[in-house]
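I open this notebook to record what I looked up in the structure shown below. The entries follow the order of my reading.

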Amino acid sequence: MNESRWRGVIEEYRSFLPVNSHTPVVTLNEGNTLLLFSKKLSQKIGTNAEVYLKYEGTNPTGSFKDRGMTLAVSKAKEIGSKTIICASTGNTSAAAAAYGARAGIKCVVLIPKGAIAMGKLAQALIHGATVLAVDGNFDEALAVVREIAQKYPMTLVNSLNPFRIEGQKTGAFEICDQLEEAPDFHLMPVGNAGNITAYWKGYKEYRKRGKIESLPRMIGFQAAGAAPIVHDKPIEHPQTIATAIRIGNPASWKGALAARDESGGLIDCVSDAEIIAAYRLVAETDGLFVEPASAASIAGLLKLARKKYFRKNLKGPVRIVCVLTGHGLKDPDRAIQTIPKPKVIPPKMEAVLKAIKSR
Ligand SMILES: *Cc1c(COP(=O)(O)O)cnc(C)c1O
């Protein structure tokens, strides 16, 4: 086997992770995702900005959740767990189902009824998970699985499981390896706030080991209708088209505040209209199809740029990384609802020419 082949985040970053020689590594060779320079977004931001997009949609199940799930499932297998369980807005269940299948461990997922994207539901089903639709929202589903995992021998694989955070911090390592330094600003969507907690942990650990010299400002974006951290209080009925961040009471709330405050960053919110505009923009100008929650990073970038938040850096370009957390194919309905349907024409050359001229 080729030694230079990517082996997944556990093998690539083993010395930073809580694994030992007895840990059975359950991997789909996740990680090693694109860090793409966006010329168009950089020009739009101005002030000698360099905007990079960390496209997590190329992970095996199509979202960053794979980074955490490889570790959570490997550790569950290490202790002989027979069942993993989670509540999910969709991507966690897709990852848990896939890694559970690979490990030969039973997987149970609770999803809020009618509130997850079709692609994600399809993933959980096809990988053989037991999928239960809860007549309630994500926060309620999470409360139930927490209780079950406390009382019964099932391993919780939501981001409350510390191994999820440990695995997800490898996203920060990759960005630093790819840029050969930390960025100045790190932008990302915030839902349950596990990922912002994980990235901040990753950056700090990389600096401690001397891999980078500086730390980025951590900037998180919630959806306006689901922005408990911005409003400093839980939201009972969170609403947003960005279902992956439709969370009213984030489990890692404290981690998000620590990331914001220790880094001198901020947590702000963006409206659904801004999310949809950004969703279209990054698809039309950079060729990246992301899911709506991921577009919150871009919506936030544009919002902060309008407020002249990114000031000139005299030492060099201002390097901004936006994490695009999941693949657009997860939620095809949203794209189809957003863009007008194709026009129907007769199978004739004149009809095609006429139709493309009238556009
Ligand atoms: C899970 C998820 C988020 C939110 O991450 P948290 O760790 O819950 O803050 C954002 N975008 C996508 C695509 C996700 O799957």
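**Entry 1: a helix pair**

I looked up where Asn-91, Ser-93, Ala-94 and Ala-97 of helix 4 lead, and they meet Lys-120, Gln-123 and Ala-124 of helix 5; contact means heavy atoms within 4.5 Å, and helices (H or I, at least four residues) and strands (E, at least two) are DSSP runs numbered from the N terminus. By class, this contact of helix 4 with helix 5 has three nonpolar, three polar and one charged residues. The model is predicted: local features need pLDDT of at least 70 and side-chain atom pairs count only at pLDDT 80 or more, while totals for chains, interfaces and linings use all residues. Residues are numbered from 1 along each chain as its sequence is written, and side-chain values use heavy atoms, leaving out hydrogens and water.

**Entry 2: Thr-83**

I found Thr-83 in strand 3, residues 83–87. With 13% relative accessibility, Thr-83 counts as buried (under 20% relative accessible area, with exposed over 50% and partly exposed in between, for a 1.4 Å probe and protein chains only). Leaving aside neighbours within four places in sequence, I noted Ile-105, Lys-106, Val-108, Met-154 and Thr-155 in contact with Thr-83.

**Entry 3: the core**

I then turned to the largest nonpolar core, which has 40 residues; such a core is a set of buried Ala, Val, Leu, Ile, Met, Phe, Trp, Tyr and Cys residues joined through side-chain atoms within 4.5 Å. Helix 13 gives the largest share of this core, nine residues. Among the residues with the most contacts inside this core are Leu-53, Ile-298 and Ile-320. Beyond its neighbours within four places in sequence, Ile-320 is in contact with residues including Ile-45, Leu-187, Leu-301 and Phe-310.

Definitions and conventions. Nonpolar A, V, L, I, M, F, W, Y, C, P; charged D, E, K, R; others polar.
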